[in-house]
Amino acid sequence: DYRLFLKRAYLNLETGKVDPAFRDVNMALEIEPRSAENFLLLSDLNFVIGNIESAVSALRKAAELDPDSEKAFIKLAETYLVIKNYSMAKKSADIALSINQDNEEAFFLKGIAFLEEGDTNTAITNLRIASNLDTANYKVLMQLASIFQQLGDTVAMEYYNAALHIKPDDELALFYKARYCQELGVFEEAISLYERVNLKYPTNKLAFYNKGYVLLVEYEDFEGSSNAFQQALNIDPAYVDAVYNLGRTYEAQGLYEEAATKYRQALELETNYQLAIEGLNRLKQ
């Protein structure tokens with residue numbers, strides 16, 4: 001029964017056993033060479049090992065064997081996006097939509113393809129259709145939030161909030177909303193969100209760093225900022241921006257020797273780090 005080999009191949013793939021998965025798929029194909037599902041899994045395996053051309057070939061065969069397979073055309077659209085063939089990605093998504101006009105994933109993939117081509121308005125249209133079809137689609141909401149943030153449209157906040165309604169403790173949604181609050185000048189909320197990120201995800205160095213930056217620049221809270229920068233450096237001692245800004249914090253406090261030490265450390269990490277050079281020049285003067 002080829003389906004048993006196929007099931008075992010899926011289990012092998014899930015546990016990272018690629019070679020046994022290939023063997024099982026080949027056995028399944030030997031027993032039933034006209035099963036579209038066999039070729040779908042074969043494409044996944046080729047994708048995992050980086051053989052994109054073979055992955056596309058397997059997906060085309062799956063679509064040929066089962067022309068009504070939304071899954072085959074969705075996977076084709078995804079794969080074409082990876083290799084930046086945006087016209088074929090859109091074409092594959094359109095075929096999936098001709099099979100099922102309510103396929104939100106097809107609209108999402110078309111939106112990404114248009115976005116990569118620079119057609120932001122058409123991208124938004126497709127992504128909004130995807131969102132309307134599945135109001136709880138986290139990745140669509142996050143993509144729309146990102147686009148509107150880049151456009152300077154505060155509707156981005158609504159999409160971040162919607163994403164957090166679906167995943168209240170999601171690291172990316174919390175961090176990007178915090179960064180957007182920082183960008184908008186809503187600093188207290190930004191700090192609160194960065195703290196939520198670090199409470200749930202204590203190895204997120206960017207949240208510590210951004211919190212430190214807000215405390216330094218906007219509040220002149222030198223103790224709080226130096227503590228935040230140091231926490232970021234505890235996670236990544238080579239985080240050059242945190243090293244520099246810790247030096248900047250020391251300089252603001254009049255701790256010039258400590259500041260100079262940090263500026264030199266930044267230059268050791270990144271030769272010609274311009275801000276550190278300027279910092280040392282200020283201290284010399």
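N272 is exposed, with a relative accessible area of 60%, where exposed stands for over 50%, buried for under 20% and partly exposed for what lies in between, computed with a 1.4 Å probe on protein chains only. The model is predicted, and local features need pLDDT of at least 70, side-chain atom pairs count only at pLDDT 80 or more, while totals for chains, interfaces and linings use all residues. Residues are numbered from 1 along each chain as its sequence is written, and side-chain values use heavy atoms, with hydrogens and water left out.

Most residues other than glycine have a negative phi. N272, however, has a positive phi near 65°, and K84, likewise not a glycine, has a positive phi of about 65°. Helices here are DSSP runs of H or I with at least four residues, numbered from the N terminus.

Helix α13 (residues 205-217) has 13 residues and spans 18 Å from its first C-alpha to its last, close to the expected 18 Å, a value given by 1.5 Å times one less than the number of residues. At its N-terminal end α13 is capped by N204, of which a side-chain oxygen lies 3.2 Å from the backbone nitrogen of L206. Among the buried residues of α13 are F208, Y209, K211 and L215, and the cover over its buried residues includes α11 (171-184), α12 (187-200), α14 (222-235) and α15 (240-252), contact being heavy atoms within 4.5 Å.

Technical notes
Helix = DSSP H or I, 4+ residues; strand = E, 2+ residues; numbered from the N terminus. Polar contact = N/O pair within 3.5 Å; in protein donor to acceptor, adjacent residues only side chain to side chain.
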